[in-house]
Amino acid sequence: MMILLSISLILFTCAIFIALYRIIVGPSMPDRVVALDMIGVNLVSLVAVFSIVLHTHAYLEVILIVGILAFISTVGLARFVERGEIVEHEHDD
Amino acid sequence: MKINDVILKTVVKGVVLIILTLSIYLFLSGHHTPGGGFIGGLVMASAFVLLFLTYDVETVSEGIPISFKKMSAVGVLISVSSATFPIFIGQPFLSQSFGYFDLPIFGVTELATVTIFEAGIALTVVGVVVNIILSISEGSNKWKA
Amino acid sequence: MESIIIVLVGILTSVAIYLVLSKSLIRIILGTAILSHAVHLLILTMGGLKSGTVPLLGENAERYIDALPQALILTAIVISFAVTAFVLVLAYRVYQEYGTDRMDELRGSNDEQ
Amino acid sequence: MLFFYIVLPLFVAVGITLISSKIRRDLIGWVAFSVPVILFALFARHIPSIASSESIQTTFSWIPTYGIDLTFILDGLSLIFVLLITGVGALVILYSIFYLSPTDSFTHFYTYLLLFMTAMLGVVLSDSIIVLYVFWELTSISSFLLIAFWFHRKNSRNGAIKSLLITMTGGFAMLAGFLMLHVMTGSFSVRTILTELPQLTEHALFYPAMALVLLGAFTKSAQFPFHIWLPDAMEAPTPVSAYLHSATMVKAGIYLIARFTPGFGGDVYWFWVITAVGLVTLFWGSFNAVRQNDLKALLAFSTISQLGLIMTLLGIGSAAANGAGEAKALYTFALFTALFHLVNHSTFKGALFMVVGIVDHQVGTRDLRRLGGLMRFLPITFGLAIIGSFAMAGLPMFNGFLSKEMFLTAVLSVSELPIPGGAQIGWFIVLVAWAASLFTFVYSMILVFRTFTGRPIIDEDYKIPREASIGMLIPPSILATLVIGLFFFPSVLSDYLLKPAIDVLVDGGSALAPDIYAWHGFNTELFLTLAIVGFGSLAYFLLKKWRPYYQYIPSEWSFNTLFRNTLSGYERLGERVTTRYMNGNLPSYFLYIFSFFIVAVGVTWFVVGPIAVTFDSPSSITIYEGLLAVIMAAAAVAILFAQSRLTAILLNGVLGFSIAIFFVFFRAPDLALTQLVIEAVTTVLFLVCFNYLPEWKVEKLSVTKKVRNGLIAILGGLTVTIVGLAVNNYSKFESISSYYEDSYELAGGRNIVNAILGDFRAFDTMLEGLVLFIAGIGVFTLIRMRQKKGAEPRENQ
Amino acid sequence: MPAQFISNLLIAVLWTFLMDEDAFYFPTFLTGYIFGAIIVFFMHRFFGSKFYLLRVYALIKLIFIFISELFQSSIIVLKQILSPTLKIKPGIFTYDHNMQGDYELTALALLLTLTPGSVVMEVSPDGKTFFIHAMDMEVSRDAVLKSIQTFEKAIMEVTRA
Amino acid sequence: MSNSLVLFMVIPIIVGIILIFFRESPKLQSWFSIGVLTGLFGLGIYILHYVTNIGILRLDFGGWEPPFGILFVADTFSLLLSLTTLLVTIICLLYVALSPRDRMINYYFYPLVLFLNAGIIGSYMTGDIFNLFVCFEVMLLSSYVLITLGGNRIQLREAMKYVTINIVSSWFFLVGIAFLYGSVGTLNFAQIAERVAETGGDPLLTVISIVFLTVFSLKAGLLLYVWLPGSYSSTPTVTSALFGALLTKVGVYALFRVFTLIFHEGDVVPTFIAVMAGLTLIGGSLGAVAYTDIRKIAAYNVVIAVGFMLAGLAIGNTLAIEGTIYYIIHDMFAKALLFLLIGTMIFLTNKVHIHEMSGLLKNYPVLGWSFFIVILSLAGIPPFSGFMGKILVMEGALENGSYILLFLAVASSLAVLYSLLRIFTQCFWGETIIGSDEQRPLPAMRLLPILVLAGITLALGLGVEVLAPYVQTAATLLDPSIYIEAVLGGNE
Amino acid sequence: MIEWISVILIFIGSIMAVISAFGILRLPDVYTRSHAATKSSTLAVLLSLLGAFIFFWVDEGFISIRLLLGIIFVFITAPVAGHIITRAAYRSKVKLADASAEDALKPFLEKTSKED
Ligand code: NA
Ligand code: NA
């Protein structure tokens, strides 16, 4: 069981690695953002699995937080790619 | 074509509620599980950040009419004052105390002065982070004009 | 594990120093951000990496990992965030005033007021 | 009591400054005049008791912790000086009241002058070397202020700076010397030091201390090659020149050497250095005086020369105190002569300065080329000039003759002295001294005859000069009277002042001191003098023939040029060096800092080594951890090659997230949480600011610079790694943190990290909140507080 | 609907107090809630709307549709990734939906995005039109158009009275 | 009693924050700040007296005994510096209060100065190395904001350099703390000292000490002073005065604390410091004549002073340490005076280069003579404050045989003298360019702080004896056992 | 036994994660890649979270609200992320893959940008 979990951990890490490749080569900015988003999602899994491995509840908050922040980062980055200005001051209309 | 953000905005409304709840949970439970004033404050601040990203500064300010600058100052004031308070009862500076109280509804509950201290920290964090983002976006506004 | 992390810290430090030696402000700021990543890892490593369980009492452990470095890093992280925020805004103000972010164009001369 | 004597001028000076606006200006002069008069009388009262070998002492404590007391002693040696200071001081102030023009500020002038008087009295009365030093510097400062009295003139300012720099340099050196003496003897008291010094000749600091003390004395007394400040100091008002730069301040160096003679005297280096420097100065001063066209410049060089003469005598006489044996009388004779000439010089030179001042004041020029025939218009002044210059030339009927004769005696005796080298070069000393006296004769004649005889150069704006007011004539007349009086009654001076002074310097000195006679029979000295007068007169009449040759002495070789070049060279060097490395370029600064770090750690490692460095680790590694490490390294390196800043920020985000995961792997949930949130917020901040920052361009760096930066970066990382590995292997001590594992009992929290943050180390946390808060304020003010466009770039408050 | 829910809650709280235990126990509250639900069910016509738990049921159904769509779409994507040669023709097409209000629109958009091979890229400023990117136009367009009706119905069951 | 130690830090913080809410009332801000600091100064005098006579005072925060908690340790050395800091700040604030109102007052100037003070005093008093880092950051952050306050573009540019360099130096600090914690496992100064002493000068610890040398040298401006001249010469007068007087001293203090208490064995580090001090003296002396901008000249004078102080540490015997303590105190006042004077000159003339000003003495005599006094004071001319320190350091050098340092110390005094005389003779002397009708008025009140400082520098010189017992007690920092005993030797 | 179910769920999740990562390597443009990211990898994470949830439930009887919340969160946000990224990509003029058949958005954007 532990072996299977370890393999899962490795696979998730590999997925991150591949996403990192996409971040590095791009070619477009949204490509990279997609990849970063993917890294975030995989990190969620990674932490979840690791919690099982360590048999601890200590990281359950971390899981949630990773998810939240990956989302926030993605929104921010997408905004930046789209508009440059990610926090607008006034209503558009 | 104007950007129609309806999907994002709708989802974020719900998401922010989750984040805010989580932040309060993290703040309160920090004494025994991961969390605490800093983390709670930061998570709460990140909820505001998400709001700013999704909506615009004016809308958010109208929705949450709080002076974040004052909030941060009050936060520091609370943490420093709670640290100073023990001096007046002859204890060393920053002495924290805790006890277990049997409260109705909540049952036996631990109450610690450190919570006040950490509340100050949390307020500071939220106030500062939000204030920074507000300042910058306000600056950009002036710069454009 | 410790040795690997220390080597990683070294690599991060090298990258950061190279960035800090650049002319462009953003590179320099990014360099400082990486410097702080590196040192946070270093502090953690100096306390020993896996010598116990998560420092939450009641985890039924014989030993808990050294919690002190964690507390220090937490403080350091927040401080470096504060500084980064400030320096970023400073950089943007400098760019606004001078129209350049290249430090070699921001030397200043001897006869300015 | 002495203390009050010393501070009296100071008090009056302060008083003058405070009430200057309320009283008439000439009243200030008279108030100032009263000070030296009173002091002279007070000091003079002590002449009898001092003559009977007593001394007067006052002590106040100042810094007892370090043994620095305000001890003042009036003995024979100081007495001569205090009388000169107050006596000449009184005459100069009287003279100046009439000399100064209505536009000059009396307040400033007399404040400085009285300040100087305090300083000078302090120098000659202090027993503590530190206190002596205090007053010593005060003389330099007041001299500085007086030279630049007309500070709107460029020459005045330059002269002031020059004199201050040179004398202060000497002062600092002297202080170092004094401190060496303190280290050697453990005492700050001159008396104690003097008694202990003769036993300490073997001490390593003996010669350094001697050299430094001499440096102080030579600079102050304008000895070659430090004499260059004195001619420039003539930019001061003439009374100042007469007082400071001729009669008193320049004699402080003489005083110092005389004072330390009992300590250092007898040492062969002390003997030769002083003698040689004195001789060179004597010659060089007189040699240069001849070529001067400005009367004050002539007097300046003449002063330099005369100071050299006194210095030579002090050198020759220096061995009188210690180990003199048979020759003690000869040494004592030289010392005695030095003191005698010191007094004589003050009288005739003081008179001459005042004469020149009168000429300048009444005619409007001091240029010899424009002067002549003043005898008719300024008869009294002419008479005074005759007296002064003949005394200076060493002609009989005037006190200068006596001391000059004795000087020649002393010089002639050098070859008989039991000092190493004395026999060999004694003759040379005589030669130099004689040549110098020859030049002295010539310039004395120039001074008086070029000014007062012959035909005046009369052009359109030439006004017939009138004799000066009586107030300006009285002071030089008094001095001239002394010049003559001392010739006829030298023993008064000798008995009451010189012999008590000699007693201070030499045990039983007064017994060995000579009686002063005008007539010694037909001896070598007389023949030398006759030769001086003969050849001198010849040289004077043939002046036009040989004086032009002076111009062939290249001026760029002079010490003046050296001084100027040193200063400008210093400024140029400073500018060149500083602007080169302080180039304002931040990357360069970082280069210095990291290079320093690498080199410093490297060198230390090399020096202290060996230190164990291995890759052993207490904990194991798993594949996914390793992979994550590789991911981080890859992301980090990729940042260097990122083509856009957004890519870089994304990669930085990867780093941040990965670190958070490492925090998870390494059992740090709180850290992971914090790191994640901070990373996201930081990324957002970067993005927010990016909108206002330019896209980053490829850094255009030469290959050399890239390699250099890369090398520094790699070495920096390597340094951290190696030390880190070494620390990792180092396990001498247990961490204190096991204490915190009782956090539930101690602080009521099961989260140890939180307990540390909220309780054990809550102070850090509190301040950290403050730091965050300040950063928030900072961002706010940075954005809000902008300068309005086109606002003037001035200091706004 | 909120009125029903609040009433239910009130009943649960009342129940908890009536039990008069020494502390707050969640099971007691739950019991009260269940009884409350039964009471509200019988009363729901007085509130003038559908019994609210029916909507909850619709919601759960919707979620299951979500999940199953997700599964299907994932498998299609994975297949395409793993197929030796990529034979896809991606593209963008429009769809005018029948949803009302932000919540419905959002729910539909999320569903569509999770549907096999389609992502909602843009919503027109008036909110009426979706611009959908399809992984493979030929396959997806029909599939999407077919399932979209189901989604709209499922959503309306939750939101509309 | 011991609780009062924290007041030096906490009261400025609390007052600072309260003043945030009174942004619109500068009068209240100024007099409130001055009043509070003055009160603290009074308290400080009392504590100084107590500590000097009875012994080191400590405050364990939260009651956690050392080495587990953070604590404040007040010995005479740290108290002397704290008190001087307070007094200088009070005078500088007085200068602001008596000057025409500046826009920056509305941008939290007073709170920031109070925070700056808190950071500095915290750095002096803390007994924990990580807390020292945090206190540094409080001080640095305040200084970052203060340095940009004014909105002048040159300020922003120089602030950029100042901030980034300090970020790097803070990084070095953390690296050092990591290494130190990794090797000795504690953060408490006294316990670190104890443990380091136990190893008897382990080579690794010596290497680690070099990291700290780098950090504190950066802060002190010892050799690594590249950040200093630009930033000190671009800020408004009072900020320059505060920085010139106070900031580098914290680095100097840290060097003294760390290298007398913790890493005092072996002669590698002292040699390093000696070489660095020597180079600093040379660099400062060269820089002081390289510019015609009077602010730059003043800034390089700061560098020279740093070199001098560290020369004292390098020499390291009782005489030199005592001398340096006198010198540090003197320099804080004298540098504040120098920068206030320079700022006033710029205010009056609107010029910064020496050749652009002339004859100021005629219209502003008090200013001119104050400048003259500060020259003498900084050059170490008695009876002004600089001389006692100079004499003792020189004697210390002689006793130790450090002749090169002795020479450089003396030579640098000449550089100080010359560089400042250039200002005096060129700007105050000479023909007065501006007629008395067009001159800017210089109200007497504005001169008050300047005169007070000038008076202090004279009083310090004449009144050495008053300070002597304190300085002698402070210099016992050469004997680390006193400190260690006070911290780890059981409860008070 | 049920623990095995959770572990297998996780394992499947991890495989899906790798495959979808492979997808963003292989697919031709950002729009198609975002399909891989928003769908497959969302499913992957849901599986692993579900696995963890089941594991803790079965193993310790611990019902983790936080994990449930996490599942819901990812479920809601993943499509939104896909939506805004593709929109941003299109608006920042990232080209569609050459094989693309149709672009209904292009005329719209062009038309309305003229109106602006
Ligand atoms: Na000028
Ligand atoms: Na000038």
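Which side chain does Arg33(G) meet in a salt bridge? Select Arg33(G) and you will find the side chain of Asp31(A), at 2.2 Å from N to O. A salt bridge here is a side-chain nitrogen of Lys or Arg within 4 Å of a carboxyl oxygen of Asp or Glu.

Before going on, note that this is a predicted model, where local features need pLDDT of at least 70 and side-chain atom pairs count only at pLDDT 80 or more, while totals for chains, interfaces and linings use all residues. Residues are numbered from 1 along each chain as its sequence is written, chains are lettered from A and ligands numbered from 1 in the order in which they are written, and side-chain values use heavy atoms, leaving out hydrogens and water.

Next, show chains A and G together. Their contact (heavy atoms within 4.5 Å) takes 46 residues from chain A and 47 residues from chain G. Across this interface the rule finds three salt bridges.

Now move to chain F and select the sodium ion (ligand 2). Its protein donors are the O atoms of Ile354(F), Met357(F) and Gln426(F), lying 1.9 to 2.4 Å away. Donors are N, O and S atoms within 2.8 Å of the metal (3.2 Å for Na, K and Ca); water is not among the atoms, so sites may look incomplete.

Stay on Met357(F): this residue bridges ligand 2 and the sodium ion (ligand 1), and the two ions lie 2.3 Å apart. Met357(F) is buried, with a relative accessible area of 3%, whereas Gln426(F) is partly exposed at 34%. Buried means under 20% relative accessible area, exposed over 50%, and partly exposed in between (1.4 Å probe, protein chains only).
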